[in-house]
Amino acid sequence: MDIGEIKKEILSKSNLKELDAAHKKYLGKNGSLNVELKALKDLPPDERKAKAPELQRLKREIDAAVVERAGYLKRKEIESSLESEIIDITAPGVKIEMGHIHPLTKVQDRMNEIFTSLGFEIVEGPEVETEWYNFDALNIPEDHPARDMWDTFWLAPENRESETKNQNLLLRTHTSPVQIRYMETHHSPLRIITSGRVFRHEASDASHDIQFHQLEGLMVDKNITVANFKAVIGEFLKGLFAGKVQTRLRPAYFPFVEPGFEVMMSCANCDAKGCPVCSKTGWLEVMGAGMVHPNVFKAVGYDVNEVQGFAFGIGIDRIAMMKYKIDDIRLFYGGDLKFLRQF
Ligand code: FA5
């Protein structure tokens, strides 16, 4: 074996795979030098003694040449990969797309702003309610027909056998239960608003959905009248629409108020000419309201001879539809970016 030739061969290898093959050719399991090294043990002692040092030297030199070449090849590999990976710090960055506030949240924030400027405090309530808070305490007992128009999604009773019937769980139909929750733990005078998601078991169309948002308001004090309600709502509408819409109050029935009203707004979507949003009437109902019913005050332990109050529940989705001239409530929940990016 000519070590000079072998070294030349090793140095000619231009990648690690070829180099490994060359190493195996001499020192692999069946490599020519390895075979000779293994055969040493069968030689007579004299011959073995004479031949072994030479073979060992060859082995060392081949190993050393392979290690040296491998180091060189690896260095080259790293250098070339570094060249191709050069970072151009002057290149423009990749733009990270920012999300933005949903139109419903925008309107809700603005409504909160207006009411807090009028002295209302923001409070919260749960979306999963008990039957008692959603209906009974609001003067809507079990057999009351009003329950039909506020049908909702009931949750399967779980381990509640020991509880009374009106503790059944449901997705709240309105934000009005928060009135009860708040009055149970607070005394008059009070001025609160609460907003959030509500649910209805009903068919959807351009102005109705099975989930939507309400903002509830409640003011309780001595000598509160409908005039106070009209003043507060007047300020709210002025703040949001700057006098660009017409509103009217009409009598309506809600079991938890007496008298009750609905506030109608001239349809901004069709300039009150009539369209699917306003059911071709030119007017859209945006809130229910009224003077708090004595039975509600009794349910929370207030003295009905001492206090009066008004309450209202505004459909936030419909207010947003009027503000931005949106012709279908379902667009808010579709997740279509072409729609959402306009706000
Ligand atoms: C109520 O939910 C009462 N809790 C409101 C109230 C509060 C009355 C306090 C008196 C005192 P109503 O079901 O009308 O009432 O809903 C109130 C508002 O929610 C409506 O004026 C309308 O703007 C909106 N709304 C009602 N149903 C839907 C629906 N399916 N989709 C979208 N918005 C709706």
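Start by selecting Asp 271, which is found in the loop between S7 and S8. Strands such as these are DSSP runs of E with at least two residues, helices are runs of H or I with at least four, and both are numbered from the N terminus. This is a predicted model, in which local features need pLDDT of at least 70 and side-chain atom pairs count only at pLDDT 80 or more, while totals for chains, interfaces and linings use all residues. Residues are numbered from 1 along each chain as its sequence is written, and side-chain values use heavy atoms, leaving out hydrogens and water.

**The loop between S7 and S8**

Look at the backbone of Asp 271: phi is positive, about 50 degrees, although the residue is not a glycine. Now select Lys 280, in the loop between S7 and S8. Lys 280 is not a glycine either, and has a positive phi of about 60 degrees.

**Two cis peptide bonds**

Go to strand S7, residues 257–266, and pick Pro 259. The peptide bond leading from Glu 258 to Pro 259 is cis, with omega near -5 degrees. Next, select Pro 189, in the loop that runs between helix H8 (177–185) and strand S4 (190–199). Ser 188 and Pro 189 are joined by a cis peptide bond, with omega about 0 degrees.

**The ligand**

Select the ligand, which sits in the largest pocket. A pocket is found on a 1 Å grid over the protein atoms alone, as an open set of points with protein on both sides within 12 Å along at least five of seven lines; the points are places where a 1.4 Å probe fits. To sit in a pocket, a molecule needs more than half of its atoms within 2 Å of the pocket's grid points.

Strands S5 (211–221), S8 (283–292) and S9 (308–315) are the elements that each give two or more residues to the shell around the ligand. S8 supplies the largest share, 5 residues.

Which residues come nearest to the ligand? Of the 26 around it, they are His 174, Ser 176, Arg 200, Glu 202 and Glu 285. A residue counts as near when one of its heavy atoms lies within 4 Å. The shell has 11 nonpolar, 9 polar and 6 charged residues.

Show the side chain of Glu 202: one of its polar atoms lies 2.3 Å from a nitrogen atom of the ligand. In the side chain of Arg 200, an N or O atom is 2.9 Å from a ligand oxygen. For Gln 214, a polar side-chain atom is 3.0 Å from an oxygen atom of the ligand.

**Helix H1**

Last, select Glu 9 in helix H1 (residues 3–11). Leaving aside neighbours within four places in sequence, Glu 9 is in contact (heavy atoms within 4.5 Å) with Ala 22, Lys 25 and Tyr 26. The side chains of Glu 9 and Tyr 26 make a polar contact of 2.6 Å. Such a contact is a pair of N or O atoms within 3.5 Å; within protein, one must be able to donate a hydrogen and the other to accept it, and residues adjacent in sequence count only if both atoms are side-chain atoms.

Definitions and conventions. On a 1 Å grid over the protein atoms alone, a cavity is a set of points where a 1.4 Å probe fits but cannot get out, and a pocket is an open set with protein on both sides within 12 Å along at least five of seven lines; lining residues have an atom within 4 Å of a point. Ala, Val, Leu, Ile, Met, Phe, Trp, Tyr, Cys and Pro count as nonpolar, Asp, Glu, Lys and Arg as charged, and the others, Gly among them, as polar.
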